[in-house]
Amino acid sequence: MNLRDATRPLTASSNKKDAPLASMFVARHTCPVCGAADCEQIYRCSYQDDPVKSLVSSNYAEQGVVDWSLLADAEFEVHHCPRCDLIYQSNVPGDALLEEIYTRMISSEALEQYERSLLTLDNFQRISGEFATIFHHMNKPIHAIRVLDYGMGMGRWARVARGMGAEVYATEIGDDKYTLGRALGIKMLEDEEVDGNTFDLVHTEQVCEHLVHPGRDFARLAKTLAPGGLFKVAVPYRGNLESILRAGKLSDRALFATAGARDIPGDAEASGAIQPLEHLNAYSAKTIDWLARDNGLEIVAQVRRRSVAIDTDSIKGMASGVKRLGVELTKAAIRLRIGYYLLRKPR
Ligand SMILES: [Zn+2]
């Protein structure tokens, strides 16, 4: 799943040329996770003013073009929910603006180039190692494991699960991704076709932060879990985002404009959890706990675990494999600053 390419209720029915600017955004008046109505506004800035203007400019500078007229009069507003602890953008892009974001502001050429750069041997080993650890817990022959990759992007994760032998289903927006998914042996579903299905693993990698209706969609996905089934939620790490926003210290530099979170750790990384126009929801562990309880699930892990491949072709290969193993064991032993949750439906 790609950060810039999540499943969302996008339709092509709106005509942005004829639509008044006000309709570019849709207001979320209540908490989109728990429905609470007494949420507090903790940040507000016009899209025409800094730091939001610079943040948006830097995010799309190398990905596509920004039509600023579409953002005229728009306010970037962030609320905090006192009940489930969600931090969310209250003005979210409507269908026409979503289409603009994911076709022009992020061009398909830029997206393809970015995705291609991530199809590396190292990433394949990381992903297959994570799936291997998850599949081990399932006590089923691998061909009988049904996986849903919700919002598969360019199929970085789905293609590995398929290659390992699982039965893989996926959702995504756009004909080109459907064609790609089918060519990879993935069973592509329309969003509504997910309901009524049953899966052993529901996989969401950098998806839930993009959802316009996260509470509703989380409940839909939880319902598809088989008894004992797992639901993986990987989202940007929120850290101290709430205090950053309350202090009015939102970063003016997008994570995508840099080498990523590792390049500007700390406050900037936390700021990225609520990227204007795209990262609409920022979850804390408390929010995920609320979602788990509300949907009858239990949180079974908050660290990514994976098996490690060790090359035996040379001493050097083995040494670097052992080093990777050490890194993974360290990560498993301490709770890292990542937004990773594995939830389970009781048997
Ligand atoms: Zn809430």
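R116 counts as exposed, at 54% relative accessibility (exposed means over 50% relative accessible area, buried under 20%, partly exposed in between, with a 1.4 Å probe and protein chains only). This is a predicted model: local features need pLDDT of at least 70, side-chain atom pairs count only at pLDDT 80 or more, and totals for chains, interfaces and linings use all residues. Residues are numbered from 1 along each chain as its sequence is written, and side-chain values use heavy atoms, with hydrogens and water left out.

**Salt bridges: the rule and the count**

- Side chains of opposite charge can pair when their charged atoms come close.
- A salt bridge here is a side-chain nitrogen of Lys or Arg within 4 Å of a carboxyl oxygen of Asp or Glu.
- By this rule the count is 21 salt bridges.

**A pair within one helix**

- R116 forms a salt bridge with E112, and their closest N and O atoms are 3.5 Å apart.
- Both sit in helix α3 (residues 108-118), four residues apart, which means about one helical turn separates them.
- Helices are DSSP runs of H or I with at least four residues, strands are runs of E with at least two, and numbering starts at the N terminus.
- E112 is partly exposed, at 36% relative accessibility.

**Pairs between distant parts of the chain**

- R156 and E115 meet in a salt bridge at 3.0 Å, N to O.
- This pair links distant parts of the chain, 41 residues apart: R156 is in the loop between β6 (146-150) and α5 (158-163), and E115 is in helix α3.
- R156 is buried at 13% relative accessibility, and E115 is buried at 3%.
- K232 and E130 meet in a salt bridge at 2.8 Å, N to O.
- K232 lies in strand β10 (residues 225-235) and E130 in helix α4 (residues 121-136), so the pair links distant parts of the chain, 102 residues apart.
- K232 is buried, with a relative accessible area of 0%, and E130 is buried at 1%.

**The zinc site**

- The zinc ion has the protein donors C31 (SG), C34 (SG), C81 (SG) and C84 (SG), lying 2.3 Å from it.
- Donors are N, O and S atoms within 2.8 Å of the metal (3.2 Å for Na, K and Ca); water is not among the atoms, so sites may look incomplete.
- The site is tetrahedral, with angles of 101 to 118° among its four donor atoms (four donors count as tetrahedral if all angles lie between 85 and 135 degrees).
- The donor residues are spaced C-x2-C-x46-C-x2-C in sequence.
- C34, in the loop between β1 (25-27) and β2 (40-46), and C84, in the loop between β3 (75-80) and β4 (87-89), are 50 residues apart.
- Both C34 and C84 are buried.

Conventions: Tetrahedral: all angles 85-135°; square planar, octahedral: opposite > 155°, others 65-115°.
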